[in-house]
Amino acid sequence: MEVETAAQTQPREQQQLTSAAGADVAAKPLHRNPRLVLSFFLMVVGWACGPLLLRDYFVHGGNRKWLSSLLQTAGWPILIAPLIASYFSRRRRSTTTTPVFLMSIRLLAACVVVGLTTGLDNFLYAYGMASLPVSTSSILMATQLAFTAGFALLLVRQRFTAFSVNAVLLLSIGAAMLGVNGGGDRPAGVTRTEYYMGFGMTLAAAALYGLIVPVMELSQAAHLVRTGSAVTYTLVMEMQLVIGSSATGKSTITPWFADPRSQAPFRCH
(Lines give C-alpha, C1' and ligand atoms only; values in the text may rest on other atoms or scores of the structure.)
Protein backbone atom coordinates (compact mmCIF):
# COMPACT_ATOMS: atom_id res chain seq x y z
CA MET A 1 0.00 0.00 0.00
CA GLU A 2 1.51 3.30 -1.08
CA VAL A 3 1.42 6.34 1.18
CA GLU A 4 1.20 9.78 -0.38
CA THR A 5 3.60 12.41 0.86
CA ALA A 6 2.64 16.03 1.42
CA ALA A 7 4.45 16.99 -1.78
CA GLN A 8 2.32 14.53 -3.74
CA THR A 9 -0.93 15.56 -2.08
CA GLN A 10 -0.52 19.31 -2.61
CA PRO A 11 -0.65 19.22 -6.43
CA ARG A 12 -3.73 17.00 -6.27
CA GLU A 13 -5.50 19.45 -3.95
CA GLN A 14 -4.51 22.32 -6.20
CA GLN A 15 -5.89 20.42 -9.20
CA GLN A 16 -9.18 19.85 -7.34
CA LEU A 17 -9.50 23.55 -6.56
CA THR A 18 -8.71 24.50 -10.13
CA SER A 19 -11.17 22.04 -11.64
CA ALA A 20 -13.83 23.07 -9.14
CA ALA A 21 -13.38 26.69 -10.12
CA GLY A 22 -14.40 25.90 -13.67
CA ALA A 23 -16.75 23.00 -13.16
CA ASP A 24 -19.51 24.98 -11.52
CA VAL A 25 -19.89 27.57 -14.26
CA ALA A 26 -23.53 28.05 -15.18
CA ALA A 27 -24.57 25.74 -17.96
CA LYS A 28 -27.15 28.16 -19.35
CA PRO A 29 -26.21 30.20 -22.42
CA LEU A 30 -25.64 33.87 -21.73
CA HIS A 31 -28.86 35.00 -23.43
CA ARG A 32 -30.86 32.65 -21.18
CA ASN A 33 -29.38 34.00 -17.96
CA PRO A 34 -30.95 37.46 -17.50
CA ARG A 35 -29.44 37.99 -14.04
CA LEU A 36 -25.95 37.51 -15.45
CA VAL A 37 -26.71 39.84 -18.36
CA LEU A 38 -28.00 42.47 -15.92
CA SER A 39 -24.84 42.09 -13.81
CA PHE A 40 -22.65 42.57 -16.89
CA PHE A 41 -24.63 45.64 -17.91
CA LEU A 42 -24.39 47.26 -14.48
CA MET A 43 -20.68 46.48 -14.30
CA VAL A 44 -20.03 48.10 -17.69
CA VAL A 45 -22.03 51.19 -16.72
CA GLY A 46 -20.16 51.44 -13.43
CA TRP A 47 -16.75 51.07 -15.03
CA ALA A 48 -17.62 53.68 -17.67
CA CYS A 49 -19.28 56.31 -15.47
CA GLY A 50 -17.47 55.80 -12.16
CA PRO A 51 -14.11 57.34 -13.15
CA LEU A 52 -15.82 60.32 -14.79
CA LEU A 53 -17.94 61.09 -11.72
CA LEU A 54 -15.01 60.62 -9.36
CA ARG A 55 -12.70 62.85 -11.39
CA ASP A 56 -15.49 65.44 -11.72
CA TYR A 57 -15.69 65.56 -7.92
CA PHE A 58 -11.99 66.38 -7.61
CA VAL A 59 -12.03 68.86 -10.51
CA HIS A 60 -14.78 70.87 -8.80
CA GLY A 61 -12.89 71.27 -5.54
CA GLY A 62 -13.49 68.00 -3.72
CA ASN A 63 -10.52 66.59 -1.81
CA ARG A 64 -11.94 63.94 0.54
CA LYS A 65 -10.27 60.75 -0.67
CA TRP A 66 -11.68 58.54 2.08
CA LEU A 67 -15.19 59.76 1.27
CA SER A 68 -14.57 58.94 -2.39
CA SER A 69 -13.35 55.46 -1.52
CA LEU A 70 -16.36 54.89 0.74
CA LEU A 71 -18.82 55.81 -2.01
CA GLN A 72 -17.34 53.15 -4.32
CA THR A 73 -18.85 50.37 -2.17
CA ALA A 74 -21.64 52.23 -0.34
CA GLY A 75 -24.29 50.64 -2.55
CA TRP A 76 -24.01 47.23 -0.89
CA PRO A 77 -27.41 47.54 0.95
CA ILE A 78 -29.10 47.25 -2.46
CA LEU A 79 -28.27 43.53 -2.34
CA ILE A 80 -30.39 43.00 0.79
CA ALA A 81 -33.70 43.08 -1.11
CA PRO A 82 -32.82 40.41 -3.72
CA LEU A 83 -31.27 38.25 -1.00
CA ILE A 84 -34.49 38.37 1.02
CA ALA A 85 -36.50 37.52 -2.10
CA SER A 86 -34.12 34.64 -2.84
CA TYR A 87 -34.50 33.28 0.70
CA PHE A 88 -38.31 33.20 0.54
CA SER A 89 -38.15 31.67 -2.93
CA ARG A 90 -35.88 28.88 -1.69
CA ARG A 91 -38.05 28.42 1.39
CA ARG A 92 -41.18 28.06 -0.74
CA ARG A 93 -39.59 25.41 -2.99
CA SER A 94 -37.81 23.47 -0.26
CA THR A 95 -39.39 20.72 1.82
CA THR A 96 -36.72 20.87 4.54
CA THR A 97 -35.30 23.61 6.72
CA THR A 98 -33.99 26.45 4.56
CA PRO A 99 -30.76 28.09 5.76
CA VAL A 100 -30.79 31.86 5.88
CA PHE A 101 -27.21 32.08 4.63
CA LEU A 102 -25.42 29.80 2.20
CA MET A 103 -21.92 30.92 3.15
CA SER A 104 -19.65 28.81 5.32
CA ILE A 105 -17.62 30.34 8.16
CA ARG A 106 -14.39 30.04 6.19
CA LEU A 107 -15.88 31.68 3.14
CA LEU A 108 -17.29 34.45 5.33
CA ALA A 109 -13.85 35.10 6.84
CA ALA A 110 -12.27 35.11 3.38
CA CYS A 111 -14.84 37.64 2.14
CA VAL A 112 -14.19 39.91 5.13
CA VAL A 113 -10.46 39.89 4.36
CA VAL A 114 -11.17 40.56 0.68
CA GLY A 115 -13.52 43.38 1.69
CA LEU A 116 -10.89 45.06 3.87
CA THR A 117 -8.41 44.74 1.02
CA THR A 118 -10.97 46.23 -1.35
CA GLY A 119 -11.35 49.21 0.98
CA LEU A 120 -7.62 49.83 0.73
CA ASP A 121 -7.75 49.39 -3.03
CA ASN A 122 -10.55 51.95 -3.28
CA PHE A 123 -8.49 54.48 -1.35
CA LEU A 124 -5.47 53.97 -3.62
CA TYR A 125 -7.70 54.42 -6.65
CA ALA A 126 -9.31 57.58 -5.26
CA TYR A 127 -5.88 59.00 -4.44
CA GLY A 128 -4.75 58.39 -8.01
CA MET A 129 -7.90 59.92 -9.48
CA ALA A 130 -7.29 63.11 -7.47
CA SER A 131 -3.99 63.70 -9.33
CA LEU A 132 -4.44 62.13 -12.76
CA PRO A 133 -6.71 62.82 -15.74
CA VAL A 134 -9.36 60.21 -16.48
CA SER A 135 -7.60 58.96 -19.62
CA THR A 136 -4.33 58.26 -17.82
CA SER A 137 -5.90 56.65 -14.76
CA SER A 138 -8.15 54.47 -16.95
CA ILE A 139 -5.18 53.14 -18.92
CA LEU A 140 -3.25 52.46 -15.74
CA MET A 141 -6.21 50.68 -14.14
CA ALA A 142 -6.58 48.59 -17.29
CA THR A 143 -3.19 47.04 -16.44
CA GLN A 144 -5.03 45.09 -13.74
CA LEU A 145 -5.61 42.52 -16.50
CA ALA A 146 -1.87 41.83 -16.52
CA PHE A 147 -1.78 41.51 -12.74
CA THR A 148 -4.91 39.34 -12.77
CA ALA A 149 -3.38 37.02 -15.35
CA GLY A 150 -0.18 36.70 -13.32
CA PHE A 151 -1.89 36.05 -9.99
CA ALA A 152 -4.39 33.69 -11.65
CA LEU A 153 -1.47 31.63 -12.94
CA LEU A 154 0.03 31.44 -9.46
CA LEU A 155 -3.14 30.88 -7.43
CA VAL A 156 -5.58 28.96 -9.62
CA ARG A 157 -3.18 27.66 -12.27
CA GLN A 158 -5.00 29.44 -15.08
CA ARG A 159 -2.70 29.25 -18.08
CA PHE A 160 -1.87 32.09 -20.43
CA THR A 161 -3.46 32.14 -23.87
CA ALA A 162 -2.41 34.01 -26.97
CA PHE A 163 -5.14 36.59 -26.38
CA SER A 164 -4.20 37.19 -22.74
CA VAL A 165 -0.50 37.51 -23.58
CA ASN A 166 -1.31 39.98 -26.36
CA ALA A 167 -3.51 42.06 -24.04
CA VAL A 168 -0.91 42.03 -21.27
CA LEU A 169 1.83 43.21 -23.63
CA LEU A 170 -0.26 46.02 -25.09
CA LEU A 171 -1.38 47.29 -21.69
CA SER A 172 2.15 47.07 -20.29
CA ILE A 173 3.51 49.06 -23.24
CA GLY A 174 0.77 51.67 -22.74
CA ALA A 175 1.61 52.09 -19.06
CA ALA A 176 5.33 52.31 -19.86
CA MET A 177 4.73 55.03 -22.47
CA LEU A 178 2.69 57.01 -19.95
CA GLY A 179 5.54 56.69 -17.46
CA VAL A 180 8.12 57.94 -19.97
CA ASN A 181 5.93 60.93 -20.74
CA GLY A 182 5.09 61.42 -17.06
CA GLY A 183 3.85 64.90 -16.28
CA GLY A 184 2.99 65.73 -19.88
CA ASP A 185 -0.72 65.43 -19.13
CA ARG A 186 -0.51 66.76 -15.57
CA PRO A 187 -3.74 68.57 -14.61
CA ALA A 188 -3.57 72.21 -13.62
CA GLY A 189 -2.79 72.73 -9.95
CA VAL A 190 -1.19 69.29 -9.53
CA THR A 191 2.52 69.28 -8.70
CA ARG A 192 4.95 66.85 -10.29
CA THR A 193 5.33 65.04 -6.97
CA GLU A 194 1.56 64.65 -6.60
CA TYR A 195 1.31 63.44 -10.19
CA TYR A 196 3.90 60.70 -9.70
CA MET A 197 2.36 59.71 -6.38
CA GLY A 198 -1.01 59.41 -8.09
CA PHE A 199 0.64 57.40 -10.88
CA GLY A 200 2.13 54.97 -8.37
CA MET A 201 -1.06 54.74 -6.31
CA THR A 202 -3.13 53.91 -9.39
CA LEU A 203 -0.72 51.17 -10.45
CA ALA A 204 -0.79 49.80 -6.90
CA ALA A 205 -4.60 49.80 -7.01
CA ALA A 206 -4.52 47.88 -10.30
CA ALA A 207 -2.08 45.33 -8.86
CA LEU A 208 -4.14 44.90 -5.68
CA TYR A 209 -7.36 44.41 -7.62
CA GLY A 210 -5.54 41.96 -9.87
CA LEU A 211 -4.87 39.92 -6.73
CA ILE A 212 -8.43 40.20 -5.39
CA VAL A 213 -10.07 38.60 -8.44
CA PRO A 214 -8.10 35.29 -8.35
CA VAL A 215 -8.47 35.15 -4.56
CA MET A 216 -12.24 35.35 -5.00
CA GLU A 217 -12.18 32.51 -7.52
CA LEU A 218 -9.95 30.44 -5.24
CA SER A 219 -12.30 31.03 -2.29
CA GLN A 220 -15.31 29.90 -4.30
CA ALA A 221 -13.47 26.78 -5.47
CA ALA A 222 -12.36 25.95 -1.92
CA HIS A 223 -15.96 26.37 -0.72
CA LEU A 224 -17.16 23.98 -3.41
CA VAL A 225 -14.53 21.36 -2.51
CA ARG A 226 -15.10 21.53 1.26
CA THR A 227 -18.89 21.71 1.37
CA GLY A 228 -19.94 20.22 -1.95
CA SER A 229 -22.40 23.11 -2.34
CA ALA A 230 -22.72 24.74 -5.73
CA VAL A 231 -21.62 28.34 -6.20
CA THR A 232 -25.01 29.84 -6.96
CA TYR A 233 -26.05 33.36 -7.86
CA THR A 234 -27.40 33.81 -4.32
CA LEU A 235 -24.08 32.76 -2.80
CA VAL A 236 -22.24 35.26 -4.99
CA MET A 237 -24.60 38.04 -3.86
CA GLU A 238 -23.94 37.10 -0.24
CA MET A 239 -20.22 37.30 -0.89
CA GLN A 240 -20.59 40.72 -2.53
CA LEU A 241 -22.69 41.89 0.41
CA VAL A 242 -19.98 40.95 2.90
CA ILE A 243 -17.21 42.38 0.74
CA GLY A 244 -19.05 45.66 0.18
CA SER A 245 -19.99 46.13 3.83
CA SER A 246 -16.45 45.30 4.99
CA ALA A 247 -14.89 47.72 2.51
CA THR A 248 -17.37 50.45 3.45
CA GLY A 249 -16.74 49.85 7.14
CA LYS A 250 -13.00 50.17 6.64
CA SER A 251 -13.41 53.40 4.69
CA THR A 252 -15.69 54.73 7.44
CA ILE A 253 -13.59 53.80 10.48
CA THR A 254 -10.05 54.43 9.22
CA PRO A 255 -10.37 58.25 8.86
CA TRP A 256 -11.45 58.53 12.49
CA PHE A 257 -8.08 57.13 13.54
CA ALA A 258 -6.32 59.40 11.06
CA ASP A 259 -8.23 62.49 12.27
CA PRO A 260 -9.94 61.68 15.59
CA ARG A 261 -10.68 65.34 16.39
CA SER A 262 -13.73 65.62 14.16
CA GLN A 263 -15.57 64.29 11.14
CA ALA A 264 -13.24 66.26 8.88
CA PRO A 265 -12.39 63.29 6.60
CA PHE A 266 -16.05 63.17 5.46
CA ARG A 267 -16.87 66.87 5.34
CA CYS A 268 -17.51 67.72 1.66
CA HIS A 269 -16.34 70.91 -0.03
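Residues are numbered from 1 along each chain as its sequence is written, and side-chain values use heavy atoms, with hydrogens and water left out. Because the model is predicted, local features need a pLDDT of at least 70 and side-chain atom pairs count only at pLDDT 80 or more, whereas totals for chains, interfaces and linings use all residues.

The chain holds 10 helices and 0 strands, where helices (H or I, at least four residues) and strands (E, at least two) are DSSP runs numbered from the N terminus. The average pLDDT, which is the predictor's confidence in each residue on a scale from 0 to 100, is 79 for the chain, and 80% of the residues score at least 70.

Of the 269 residues in the chain, 35% are buried; here buried means under 20% relative accessible area, exposed means over 50%, and partly exposed lies in between (1.4 Å probe, protein chains only). In soluble globular proteins, nonpolar side chains tend to be buried together. A nonpolar core is defined as a set of buried Ala, Val, Leu, Ile, Met, Phe, Trp, Tyr and Cys residues joined through side-chain atoms within 4.5 Å. The largest such core in this chain has 11 residues, including M103, L107, C111, I212 and L235. Helix 5, helix 9 (192–227) and helix 10 (233–258) are the elements that give two or more residues to this core, and helix 10 gives the most, with 4 residues. M103 touches L108, C111, L235, E238, M239 and V242, leaving aside residues up to four places away in sequence. A second, separate core has 10 residues, among them L54, F58, L124 and M129.

S69 is placed in helix 3 and counts as buried because its relative accessibility is 0%. Not counting residues up to four places away in sequence, S69 touches N122, F123, A126 and S251, and the C-alpha atoms of S69 and D121 are 8.4 Å apart although 52 residues separate them along the chain. T73 lies in the loop between helix 3 (65–71) and helix 4 (80–93), and T73 is buried as well, since its relative accessible area is 13%. With the same exclusion of residues up to four places away, T73 touches T118, N122, G244, A247 and T248.

L36, in helix 2 (residues 34–59), is partly exposed because its relative accessible area is 30%. R159, in the loop between helix 7 (144–155) and helix 8 (162–180), counts as exposed because its relative accessibility is 73%.

Technical notes: Contact means heavy atoms within 4.5 Å.
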